[in-house]
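Here is a short report on one protein model. It starts with a helix pair and then moves to the sheet and the overall fold.

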Amino acid sequence: MKNYRHQKIMEIIGSSEVETQEELARLLGEAGFNVTQATVSRDIKQLNLRKIPSSSGRQCYAASGNKETVDGNRLVGILKAGFVSMEAASNILVIKTVSGMAMAVAAAIDALSIPKMAGCIAGDDTIMCAIRSAEDIPAVKETIEKLIDSPES
């Protein structure tokens, strides 16, 4: 049961901006999992979830991508340092970077676990980000723009 619940949590946070444990518990309840806030708290710890900036500017849960805690400020700094421009093409977001920075920026974007983004492929100065649907492009662009425009920490 726990493995199924963990799979559902990952599905929920991959498709929704979940800001609180209570909200996650409610969404799990709607999916047929009867859980308490304490159970959700343990699941968050076991799944090594972390909070990242959402498209609304608030913090939402996301997978960390690895077992070590990643410094979100450092990742945003890499994004800011390399970013030049971005343009949508269907459900692909093409990001231009400073020459030689695309791989680092793509790795930072992937580690930030931006909701509705499936992943990135990088060359020397260009990144292609696969977005789950063309309708999700504006939200992803807004999230990236907010990260780039965020004040230094």
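## Helix pair H2 and H3

The axes of helix H2 (residues 21–30) and helix H3 (residues 37–46) come within 9 Å and cross at roughly 105 degrees. The two helices are therefore roughly perpendicular to each other (the class for angles of 65 to 115 degrees). Axes are lines fitted to C-alpha atoms, for helices over the stretch in contact, and angles run from 0 to 180 degrees between N-to-C directions. Helices (H or I, at least four residues) and strands (E, at least two) are DSSP runs, numbered from the N terminus.

H2 brings Gln21, Glu22, Leu24, Ala25 and Leu28 to the contact, and H3 brings Gln37, Val40, Ser41 and Ile44 (contact means heavy atoms within 4.5 Å). By class, this contact has 5 nonpolar, 3 polar and 1 charged residues. Ala, Val, Leu, Ile, Met, Phe, Trp, Tyr, Cys and Pro count as nonpolar, Asp, Glu, Lys and Arg as charged, and the others, Gly among them, as polar.

## Basis of the model

The model is predicted: local features need pLDDT of at least 70, side-chain atom pairs count only at pLDDT 80 or more, and totals for chains, interfaces and linings use all residues. Residues are numbered from 1 along each chain as its sequence is written, and side-chain values use heavy atoms, with hydrogens and water left out.

## The sheet

An open sheet of 4 strands has the order E3-E4-E6-E5, with antiparallel pairing (two strands pair if DSSP finds at least two bridges between them). Strands E3 (83–89) and E5 (117–122) stand at the edges, each with a single partner strand, so one side of each lacks a neighbour in the sheet. Neighbouring strands are turned by 20 degrees against each other on average, direction ignored.

E3 is joined to strand E4 (residues 92–97) by 6 bridges. Met86 has Ile95 in E4 as its bridge partner.

## Helix H5

Helix H5 (residues 102–112) lies across E4, E5 and strand E6 (126–131). H5 runs at about 165 degrees to E5. Its buried residues are Ala102, Val105, Ala106, Ala108, Ile109, Ala111 and Leu112 (buried means under 20% relative accessible area, with a 1.4 Å probe and protein chains only). Ser113 follows H5, with a positive phi near 50 degrees.

## Overall fold

The protein has 6 helices and 6 strands. From the N terminus, the elements run α-α-α-β-β-α-β-β-α-β-β-α.

The C-alpha atoms fill a box of roughly 50 × 30 × 25 Å along the principal axes. Of the 153 residues, 38% count as buried. Among contacts between residues at least 6 apart in sequence, 56% join residues at least 24 apart.

Methods. Angles under 35 degrees count as roughly parallel, over 145 as roughly antiparallel, 65 to 115 as roughly perpendicular and the rest as oblique. Buried means under 20% relative accessible area, exposed over 50%, partly exposed in between (1.4 Å probe, protein chains only).
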